[in-house]
Amino acid sequence: MSRLVVVSNRVAPIRPGKVAAGGLAVGVYDALRQSGGIWFGWNGDVSASPRVQSETVGNITYVTLGLTKRDYDQYYRGFSNATLWPIFHYRIDLARYNREEYDGYRRVNAMLAEKLKPLLEPDDIIWIHDYHLIPFAEACRQLGIRNRIGFFLHIPFPPPEILTVIPPHNELLKTLCYYDLIGFQTETDRLAFQDYVTREVRGRIEEDGSLTAYGQNFRAGVYPIGVVPDEIAQLAEGYKGRTHPMRRASDQRRQTIVAVDRLDYSKGLVERFKAYESFLDKYPEHRNNVEFLQIAPTSRSDVRTYQHIREQLESQAGHLNGRLSDLDWTPLHYLNKSYDRRVLMGLFRQADIGFVTPLRDGMNLVAKEYVAAQNPEDPGVLVLSRFAGAARELTSALIVNPYDCIGMAEALDRALRMPLAERKDRYEHMMCAIRAADLDAWRDNFLRDLRSFVSRPTGPGK
């Protein structure tokens with residue numbers, strides 16, 4: 001069986017018995033654990049003279065390298081996170097474009113491809129992950145690498161009207177077409193990409209469903225990333241922490257709402273805090289009977305946009321608690337720190353509501369993790385943004401518009417009052433969807449299609 005070579009922006013070795021943090025790390029680690037192979041990428045270090053490091057843990061070889069300060073500023077902080085991230089999340093107002101940063105983005109992708117080439121064997125399957133590495137396949141092809149190369153985008157793909165805000169959008173999308181297979185989270189994302197290819201560059205859809213553009217033939221598909229529900233249930237059931245995160249002084253159980261997000265403007269935290277305050281104002285009978293736990297580890301703390309959202313949320317949390325708290329009741333617990341995944345799954349199981357309301361998200365695995373962590377005999381309720389990719393599958397959640405604070409407040413009230421029979425029915429329907437599109441299905445379907453794709457000839461008259 002051919003080796004799997006995974007390339008992602010960030011790589012950190014995972015020890016046997018340890019639990020991966022979530023999202024991309026969980027999916028990639030499980031795929032590699034099944035087949036064995038190489039996980040290649042940046043190790044998070046920024047230094048004047050970065051070097052390649054290699055470490056084998058189990059059947060996975062982690063090959064990592066650092067970045068120079070210039071590369072970090074241009075490739076990572078610059079084009080990846082100041083241009084691509086906001087625009088792919090429909091936030092043109094927060095995006096900036098700098099030619100030197102774009103050049104740095106292309107340069108780092110070329111450098112990474114050069115470092116990877118000596119490690120490859122002829123029958124390796126190469127699987128590239130996420131927006132940091134869009135030009136990676138083109139860089140590989142220019143080096144003479146002929147292996148199968150697939151790309152999976154973990155974030156949304158915007159429609160052409162938004163994507164074309166990026167000045168070198170045509171050049172950037174041309175590099176994406178050097179992949180044999182391009183995977184998206186939802187059909188909406190795939191159609192947006194196909195719309196760009198056919199409208200902007202007059203690409204065409206072939207009879208077999210593949211696409212031809214820029215002289216390349218490739219396939220685009222939908223592969224919604226999933227979770228491992230039995231593993232999550234085991235973690236949740238085995239949590240030996242506090243029996244409930246929040247209690248009254250009388251030890252009587254309060255109903256709880258939980259949300260876990262990376263601190264990012266795409267997650268809708270500002271709107272969520274406003275909705276929760278509107279909920280307590282509109283339904284004062286819930287005061288002193290419910291508490292909201294928001295866990296939001298900081299990320300990209302050296303980027304001003306993220307510093308601003310942290311300041312805004314701290315101000316909102318202070319205002320809400322100062323206005324509504326009582327001697328034995330704090331309505332909002334806002335924590336800027338990370339927790340072990342076992343702890344998070346335990347908190348999910350104990351919470352009455354999972355509050356997942358991003359303004360735009362590729363999938364949002366927290367939504368699936370919350371459902372999978374529930375007690376089947378007494379499950380909680382998922383309140384989910386319609387703009388999360390997970391909303392396409394978890395249709396039995398309470399689907400909300402995160403721009404409608406009153407609508408979210410009404411959903412919280414409905415969730416807290418929902419009878420057990422309805423909660424169980426919704427939970428069972430969502431679990432069916434989660435099991436049908438679990439992490440194994442995501443990995444197996446993508447790699448099957450990548451291995452089986454046969455490129456069509458391209459050129460005049462083809």
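This is a predicted model: local features need pLDDT of at least 70, side-chain atom pairs count only at pLDDT 80 or more; totals for chains, interfaces and linings use all residues.
Q: What order do the strands take in the open sheet of 10 strands?
A: The order is E3-E4-E2-E1-E5-E6-E7-E10-E9-E8. The pairing is mixed.

Q: Which strands stand at the edges?
A: Strand E3 (52-57) and strand E8 (204-205). Each has a single partner strand, so one side of each has no neighbour in the sheet.

Q: Which helix packs on that sheet, and what does the helix touch?
A: H3 packs on it, touching E1, E2, E3 and strand E4 (60-67). The direction of H3 makes about 140° with that of E4.

Q: Now E1. How many of its residues are buried?
A: Six of the seven residues in strand E1 (residues 4-10) are buried.

Q: How many bridges join E1 to E5?
A: Five, and E1 runs parallel to strand E5 (residues 125-129). Serine 8 stands opposite histidine 129 in E5.

Q: And how many to E2?
A: Five bridges join E1 to strand E2 (residues 37-46), again in a parallel run. Valine 7 has phenylalanine 40 in E2 as its bridge partner.

Q: What about E7 and E10, how many bridges there?
A: Four, with E7 parallel to strand E10 (residues 216-222).

Q: Let's switch to glutamine 185. Where is it found?
A: Glutamine 185 is in the loop between strand E7 (181-184) and helix H7 (187-200).

Q: Buried or exposed?
A: Glutamine 185 is buried, because its relative accessible area is 4%, and the cut-off for buried is under 20%.

Q: What does the side chain of glutamine 185 reach at 3.1 Å?
A: The backbone nitrogen of isoleucine 225. A polar atom of the glutamine 185 side chain also lies 3.4 Å from the backbone oxygen of histidine 154.

Q: Which residues is glutamine 185 in contact with, leaving aside neighbours within four places in sequence?
A: Phe152, Leu153, His154, Val222, Tyr223, Pro224, Ile225, Gly362 and Met363.

Q: Other residue: alanine 213. Where does it lie?
A: Alanine 213 lies in strand E9 (residues 211-213). Alanine 213 is buried, with a relative accessible area of 3%.

Q: What is it in contact with, sequence neighbours within four places left aside?
A: Alanine 213 touches Cys177, Val197, Val201, Gly203 and Phe218. Valine 201 is 12 residues away along the chain, and its C-alpha is 7.2 Å from that of alanine 213.

Q: On to helix pairs. At what angle do H2 and H3 pack?
A: Helix H2 (residues 69-88) and helix H3 (residues 99-116) pack at about 115°, with axes 8 Å apart. H2 is therefore roughly perpendicular to H3.

Q: Left-handed or right-handed?
A: The crossing of H2 and H3 is left-handed. Residues in the contact include Arg70, Asp71 and Tyr75 of H2, and Glu100, Tyr105 and Arg107 of H3.

Q: At what angle do H8 and H11 cross?
A: Roughly 85°, with the axes of helix H8 (residues 229-237) and helix H11 (residues 341-350) coming within 7 Å. H8 is therefore roughly perpendicular to H11. Among the contact residues are Glu231 and Leu235 of H8, and Arg341 and Met345 of H11.

Q: And H9 with H10, at what angle?
A: Helix H9 (residues 269-282) and helix H10 (residues 304-324) cross at roughly 10°, and their axes come within 10 Å. H9 and H10 are therefore roughly parallel to each other. Phe273 and Leu280 are among the H9 residues that meet H10, whose side includes Leu313 and Leu320.

Q: In what order do the six strands of the other open sheet run?
A: E13-E12-E11-E14-E15-E16, with parallel pairing. The edges are strand E13 (332-335) and strand E16 (398-400), each pairing on one side only. Neighbouring strands are turned by 20° against each other on average, direction ignored.

Q: How many bridges between E15 and E16?
A: Three, in the parallel sense, with E15 covering residues 381-385. Leucine 384 has isoleucine 399 in E16 as its bridge partner.

Q: What does H9 touch on this sheet?
A: H9 touches strand E11 (255-260), strand E12 (290-295), E13 and strand E14 (353-356). Its direction makes about 175° with that of E12. H11 packs on the sheet too, touching E11 and E12.

Notes. Residues are numbered from 1 along each chain as its sequence is written. Side-chain values use heavy atoms; hydrogens and water are left out. Buried means under 20% relative accessible area, exposed over 50%, partly exposed in between (1.4 Å probe, protein chains only). Helices (H or I, at least four residues) and strands (E, at least two) are DSSP runs, numbered from the N terminus. Two strands pair if DSSP finds at least two bridges between them. A polar contact is a pair of N or O atoms within 3.5 Å; within protein, one must be able to donate a hydrogen and the other to accept it, and residues adjacent in sequence count only if both atoms are side-chain atoms. Contact means heavy atoms within 4.5 Å. Axes are lines fitted to C-alpha atoms, for helices over the stretch in contact, and angles run from 0 to 180 degrees between N-to-C directions. Angles under 35 degrees count as roughly parallel, over 145 as roughly antiparallel, 65 to 115 as roughly perpendicular and the rest as oblique. A crossing is left-handed if the near helix is turned anticlockwise from the far one by less than a right angle, and right-handed if clockwise.
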